[in-house]
Amino acid sequence: RCTMRTFIYPAKIERDAEGFFLVTFRDIPFAATDGKTLDEALENAVDCLCEALASCIADNEEIPLASEPEADERLITPTALIAAKAALYTTVTAQGLSKTALAGILGVSETVGRRLLDSRYQTKLIKIDQALNAMGKKMVIGIS
């Protein structure tokens, strides 16, 4: 049986008293943003989600599982790079590895191992895919 972890999160979008569109993520309570228009709010929601995932990685905190959306929620997808780094981070964490141990498994320097999990570093997706493969995982990319 194939179990797949995704990083697509449901978000509630509500208008506030000033007419802004407020976006909140029930699975990530510290993540919230808004926008003057619905399109702006949705664009900001992607940035907000990316920053929330990056924050979990940087602070060595668990990345919450995404729940199923409710009828009044929209699904928000992070950028491919942040989703890939989140996948690598959850795999490294689940296997109890340090960044140094990750580097050792991959046969790369500790600096390279750290950069793979650094949300600010523009790692090539192929490198993250190779790291996941080395740990027995496969990155899957989809479209909707």
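Helix α2 makes the greatest contribution to the lining of the largest pocket, supplying seven residues. Helices here are DSSP runs of H or I with at least four residues, strands are runs of E with at least two, and both are numbered from the N terminus. The structure is a predicted model, in which local features need pLDDT of at least 70 and side-chain atom pairs count only at pLDDT 80 or more, while totals for chains, interfaces and linings use all residues. Residues are numbered from 1 along each chain as its sequence is written, and side-chain values use heavy atoms, with hydrogens and water left out.

Rolling a probe the size of a water molecule over the atoms shows where empty space is left. On a 1 Å grid over the protein atoms alone, where a 1.4 Å probe fits, a pocket is an open set of points with protein on both sides within 12 Å along at least five of seven lines, and its lining residues have an atom within 4 Å of a point. The largest pocket holds about 860 Å³ of space, the volume being that filled by probe spheres set on the grid points, which are joined across faces, edges and corners. Its lining comprises 27 residues, and Met4, Arg5, Thr6, Phe7 and Val140 are the ones that lie nearest the centre. Both α2 (80–94) and α5 (125–134) supply at least two residues of this lining. By type, the lining of the largest pocket contains 16 nonpolar, eight polar and three charged residues; Ala, Val, Leu, Ile, Met, Phe, Trp, Tyr, Cys and Pro count as nonpolar, Asp, Glu, Lys and Arg as charged, and the others, Gly among them, as polar.

Helix α2 also contains Thr91. This threonine counts as buried because its relative accessibility is 9%, where buried means under 20% relative accessible area, exposed over 50%, and partly exposed in between, with a 1.4 Å probe and protein chains only. Apart from neighbours within four places in sequence, Thr91 is in contact (heavy atoms within 4.5 Å) with Leu132, Met135 and Lys137.

The protein as a whole has five helices and four strands, arranged from the N terminus on as β-β-β-α-β-α-α-α-α. Its C-alpha atoms fill a box of roughly 55 × 35 × 25 Å along the principal axes. Of its 144 residues, 34% count as buried. Among contacts between residues at least 6 apart in sequence, 58% join residues at least 24 apart.

Attention now turns to the sheet. Strands of a sheet pair through backbone hydrogen bonds, either parallel or antiparallel. In this protein, four strands form an open sheet in the order β3-β2-β1-β4, with antiparallel pairing; two strands pair if DSSP finds at least two bridges between them. The edges are β3 (32–35) and β4 (73–76), each of which has a single partner strand, so one side of each is left without a neighbour in the sheet. From one strand to the next, the twist averages 35°, with axes taken as lines fitted to C-alpha atoms, for helices over the stretch in contact, and angles running from 0 to 180 degrees between N-to-C directions. Helix α1 (residues 38–58) packs on the sheet and touches β1, β2, β3 and β4, its direction making about 160° with that of β3.

The individual pairings can be followed strand by strand. Strand β2 (residues 21–24) is joined to β3 by four bridges, and Val23 has Thr33 in β3 as its bridge partner. Four bridges also link β1 and β2, with Lys12 partnered by Thr24 in β2. Between β1 and β4 there are again four bridges, and Pro10 stands opposite Leu75 in β4.

The hairpin of β1 and β2 has five residues between the strands, and Gly19 takes a positive phi near 90° in this hairpin. Asp16 lies in the loop between β1 and β2 and is partly exposed, with a relative accessible area of 28%. Glu14 belongs to strand β1 (residues 9–15) and counts as partly exposed at 41% relative accessibility. Setting aside neighbours within four places in sequence, Glu14 is in contact with Phe20, Phe21 and Leu22.

Asn60 is located in the loop between α1 and β4. Its relative accessible area of 56% makes Asn60 exposed, and its phi is near 55°, a positive value in a residue other than glycine. Asn60 and Glu14 are 46 residues apart in sequence and 31 Å apart in space, C-alpha to C-alpha.
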